[in-house]
Amino acid sequence: MSSRPADLLIARAVRRGGPWLAVLTATALLGAAADLLLPAALGRAVDAVVGVPAESGSRSAAGLTGPLAAAALLVALVVACDTLRVLAAGVSGARAAQWLRSRVVAHTLSAGAGLTRHLTPGELVTRAGVNVEEAGRTPEAVVTAATLIVPAAGSVVALALIDPWLAVTLVAGLLLIVAVLRAFMRKTTAASGGYQQAQGEIAAMLVGALAGARTITAAGTEEREAARVLAPLPRLRAHGLALWRLQARAGVQAAVVVPLLEIAVLAVGGLRLSAGGLTVGELLAAARYVVLGAGLGSALGYAARIARARSAALRLEQLFAVPAPVYGDRSLPPGPGTLELRDVTVRADGVRLLSGVSLVVPGGTCTAVVGRSGSGKSSLAAVAGRLVDPERGAVLLDGVPLREIGREPLRRAVGYAFERPALFGETLGEAVAFGLGGLDAPGERSADAMRSGNTERSENAERSGDTVRVAAAAARADDFIRRLPRGYATPVGEAPMSGGEIQRVGLARAFAQAGRLLILDDAMSSLDTVTERQVARALTGSLSDRTRLVVAHRVTTAAQADQVVWLEDGRVRAAGTHDRLWEDPGYRAVFRAGEDS
């Protein structure tokens, strides 16, 4: 991947430092200017002390006080600038990291399933955490490294004014230092990328292991799993050692060049002093200027930071390269919720998941999607409500392509329930009401609204409570929620729920949200037989005014659907009623395979 997008990202992050970036730049420049003026002031003070006046020739106390006061003021200015620069660097870096992290999180949530197909949760967490922090330190590194050019260039000019031969000597040494820095930057950027990649792999495997921690403990395979998670550790160590070697080598080179440069300038200055071409004060100033000029070598640490930031920015740009869906501005016309797929093809990482699928789900009907594992059922469910976009073809809801519908009307029209629902919100009531847009969940907040005397808010809370409870009742979640001591106000983390009960809360959320189209992606797999039949009756009863697309593994679910779509290898093998398809031995084998698994 080209480094140019990463460099542009770093430039935008640096600009996000806001006013503090200006403070950082101003203090760095002012401090550099004070550093440049300080040697001259010290030289004048020394000449005044040793009796070699620079201008008037008098050795009065007044003539000594001026240079000393100027030097003291410059020292105070340098200290003040350094103090303020540290503060500005911290604040501007924090603002840059905040902007980067906001972008990463917003893009990750917007891209959704499209992004998680390419990057694991562990990788995403690493990029949103460690990599953002490394890129967020860029403002200080860039500004400080850039301002190091000021004393270097100023030292060359100052030495040229003192004696041209001194300037020539310094320039030759600076060219060597710049060559060392360029090579260091190039190699460190590559090594940092490998180090960060290994970090991400370890994080990805650790997140996966934590998700299956109970299974690992039950199987007694802790040591084996720890070895698997830490498998990239040798590569991490190798890249880390490479970084240290690069820094040590560059440090040694700078440590050799800088003293030799100082010796060379002082040797030339000494010769010029013995020849009467310099005063003692000018030689002292020259010695100080060569230290300032050679200070370009101290840019090594900042160069390492910039290299790591560029590597981190490259990894962030890989994340941003996965596009988030772009919504249109059309609203849905009145309609029953007819869903249509036209020649839809879905591909992920080069693997074709759906191929040329065309079907119509009439409004207000229930369609079961069946097939063996890997046949494309979940991909069909994802593309039907635009969790992912097809590579080719179109998906329409009541005649309007999903790509053209605005985010708000589309998400109000479609409700999803999944096999392993994630429950968001502080309480169970909020978990069911999640995504309803402006409606409060029932429970403590609704009671507060009733007591507040605000009629509009009370009506809103009452309407929300009705919506949530009706949906929970249809999902057979209302009974067990009410039995909890705090009911719908029970915190999600404190609710003792089985896998089936969690699925019922997820179903309730989908039932509450779906305005026209309800998509169940294996969302009843953990329900017991009695509860599944009760939910199925709700799908054909109180929820029959909505179009239902159900990924099914059980015969009973398929048998109650108006039509069945049978997928095989990402294609529609057959479609029709369950009774008609049941005559095919291959169709019956789909359910036997599901029971065996």
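**Figure 1. The largest pocket of the predicted model holds about 1600 Å³ of space.** Its lining counts 47 residues. Nearest the centre of this pocket lie Gly112, Ala113, Leu387, Tyr416 and Phe418. Several elements give two or more residues each to the lining, and helices dominate the list by name: H3 (61-111), H4 (113-116), H14 (377-384), H15 (407-413) and H20 (499-513) are included. Strands S2 (351-361) and S6 (414-418) also belong to this group. Helix H14 gives the most, with five residues. By class, the lining of the largest pocket splits into 20 nonpolar, 14 polar and 13 charged residues.

**Figure 2. The second largest pocket has a volume of about 360 Å³.** It is lined by 19 residues. Gly114, Arg117, Pro323, Val388 and Asp389 are the closest to its centre. Strand S1 (residues 339-348) supplies the largest share of this lining, three residues. Ten of the lining residues are nonpolar, two are polar and seven are charged.

**Figure 3. Helix H20 is mostly covered.** Of its 15 residues, 13 are buried. From first C-alpha to last, H20 reaches 21 Å. That is close to the 21 Å expected at 1.5 Å a residue. H20 (499-513) is also among the elements that give two or more residues to the lining of the largest pocket.

**Figure 4. Alanine 514 sits in the loop between H20 and strand S7 (517-521).** Is this residue, at 5% relative accessibility, buried or exposed? Alanine 514 counts as buried because its relative accessibility is 5%, and the cut-off for buried is under 20%. Beyond its neighbours within four places in sequence, alanine 514 is in contact with Arg412, Ala413, Val414, Gly415 and Arg546. Threonine 547 is 33 residues away in sequence. In space, the C-alpha atoms of alanine 514 and threonine 547 are 9.2 Å apart.

**Figure 5. Alanine 285 has its place in helix H12 (residues 280-294).** Its relative accessibility is 5%, so alanine 285 counts as buried. Which residues does alanine 285 touch, not counting those up to four places away in sequence? They are Pro39 and Ile162. Serine 155 lies 130 residues from alanine 285 in sequence. From C-alpha to C-alpha, alanine 285 and serine 155 are 9.9 Å apart in space.

**Figure 6. The largest cavity contains about 60 Å³ of space.** A search of the whole structure finds two cavities of 30 Å³ or more. The largest is lined by Cys366, Met524, Ala536, Leu539, Thr540, Val550, Thr557, Gln560 and Ala561. Helix H21 (residues 529-540) provides the largest share of this lining, three residues. What classes make up the lining of the largest cavity? Six residues are nonpolar, three are polar and none is charged.

**Figure 7. The second largest cavity contains about 40 Å³ of space.** Glu134, Arg137, Arg305 and Arg308 line it. The lining holds four charged residues, no nonpolar and no polar ones.

**Figure 8. Confidence in the chain is lowest in helix H17 (residues 444-452), at a mean pLDDT of 43.** Where is confidence highest? Strand S5 (residues 400-401) has that place, at 95. Over residues 443-453 the pLDDT is below 50. Beyond near neighbours in sequence, this stretch has 13 contacts in the model. Residues 455-461 also have pLDDT below 50. Over the chain, the average pLDDT is 82, and 89% of the residues score at least 70.

**Figure 9. The chain as a whole has 24 helices and ten strands.** Of its 597 residues, 47% count as buried. Among contacts with a separation of 6 or more, 77% join residues 24 or more positions apart.

Terms used. Residues are numbered from 1 along each chain as its sequence is written. This is a predicted model: local features need pLDDT of at least 70, side-chain atom pairs count only at pLDDT 80 or more; totals for chains, interfaces and linings use all residues. Side-chain values use heavy atoms; hydrogens and water are left out. On a 1 Å grid over the protein atoms alone, a cavity is a set of points where a 1.4 Å probe fits but cannot get out, and a pocket is an open set with protein on both sides within 12 Å along at least five of seven lines; lining residues have an atom within 4 Å of a point. Grid points are joined across faces, edges and corners, and a volume is the space filled by probe spheres set on the points. Helices (H or I, at least four residues) and strands (E, at least two) are DSSP runs, numbered from the N terminus. Ala, Val, Leu, Ile, Met, Phe, Trp, Tyr, Cys and Pro count as nonpolar, Asp, Glu, Lys and Arg as charged, and the others, Gly among them, as polar. The expected span of a helix is 1.5 Å times one less than its number of residues. Buried means under 20% relative accessible area, exposed over 50%, partly exposed in between (1.4 Å probe, protein chains only). Contact means heavy atoms within 4.5 Å. pLDDT is the predictor's confidence in each residue, from 0 to 100.
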